[in-house]
Amino acid sequence: MIAERPAAISVGPGLELQGRLAAAPEARRGVVVCHPHPLYGGDLDNPVVAAVVSACAGAGLATLRFNFRGVGASGGAWDEGRGEQDDVRAALTHLRGCLAPGATVALAGYSFGAAMAAAVAADGTRLAGLALVAPPLAMRPWQPRGPLAVDGPLLLVAGGADEYCPRDALLTLGRALAGATVTVVDDADHFFATGLGRLADAIATWASAIS
């Protein structure tokens, strides 16, 4: 696998995000991975984020993980989920610029990162795949208002004991998203302390289907 290297992601004048990129020059598939809530310790080193990145890299995808504004060495400050969506779009643009012409880029997010990924996917941003890991549906209810601009696999995955992403809410969202694969990791909670390997397997299968 390609080793990660530091990346500086420009969001706009005076705002740059800290990232880590692993991409071969000829890479034609990639994924941006979004971390959990910045105000509760979420950052690009989160174990679930690391597991998602590793699974995607193992499936041959270029990867870019980043710190939202105000986190780590990223500039700016918490913007209550508004500016953070711009951060996701900037990361997608940055990754596309690092890949071969015509390459496709997917999006994955965990918890708050999944909520931001879903919001960006719902605004018409064209994606080669979308993976929502433990979207916090109990705190941020979300149902798409129309078809998403996702041209590849769509995965919803959460633990069976996740209080922030209840099983019923995840299944309901899965029914609302045409073609979605819903995976429930039995006995795992929101943090996947006992289910990280099974989560990684689900992500690897999803990543392998991205073209």
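Guide: A polar contact is a pair of N or O atoms within 3.5 Å, where, within protein, one must be able to donate a hydrogen and the other to accept it. The model discussed here is a predicted one.

Visitor: Which residue has a side chain joined to that of H190 by a polar contact of 2.8 Å?

Guide: H190 has its place in the loop between β8 (181-185) and α5 (196-208). Leaving aside residues up to four places away in sequence, H190 touches Y110, A134, D162 and Y164, among others. The side-chain partner in the polar contact of 2.8 Å is S111.

Visitor: Is H190 buried or exposed?

Guide: Residues count as buried when the relative accessible area is under 20%. H190 is therefore buried, since its relative accessible area is 6%.

Visitor: How far apart in space are H190 and A161, C-alpha to C-alpha?

Guide: In sequence, H190 and A161 are separated by 29 residues. In space, their C-alpha to C-alpha distance is 7.3 Å.

Visitor: Which residues that line the largest pocket are the closest to its centre?

Guide: The largest pocket has a volume of about 380 Å³. Its lining consists of 15 residues, and those closest to the centre are H37, Y40, S111, M139 and H190.

Visitor: Which helix gives the largest share of the lining of the second largest pocket?

Guide: The second largest pocket has a volume of about 240 Å³. Among the 17 residues that line this pocket, A115, A118, A119, P141 and W142 are the closest to its centre. The lining divides into 12 nonpolar, 3 polar and 2 charged residues. Its largest share, 6 residues, comes from helix α3 (residues 112-122).

Conventions:
Residues numbered from 1 in each chain as written. Predicted model: local features only at pLDDT ≥ 70, side-chain atom pairs only at ≥ 80, totals over all residues. Heavy atoms only, no water. Helix = DSSP H or I, 4+ residues; strand = E, 2+ residues; numbered from the N terminus. Buried < 20%, exposed > 50% of the residue type's maximum accessible area, 1.4 Å probe, protein only. Contact = heavy atoms within 4.5 Å. 1 Å grid on protein atoms, 1.4 Å probe; cavity = no way out; pocket = protein on both sides within 12 Å on 5 of 7 lines; lining within 4 Å. Points joined across faces, edges and corners; volume = space filled by probe spheres on them. Nonpolar A, V, L, I, M, F, W, Y, C, P; charged D, E, K, R; others polar.
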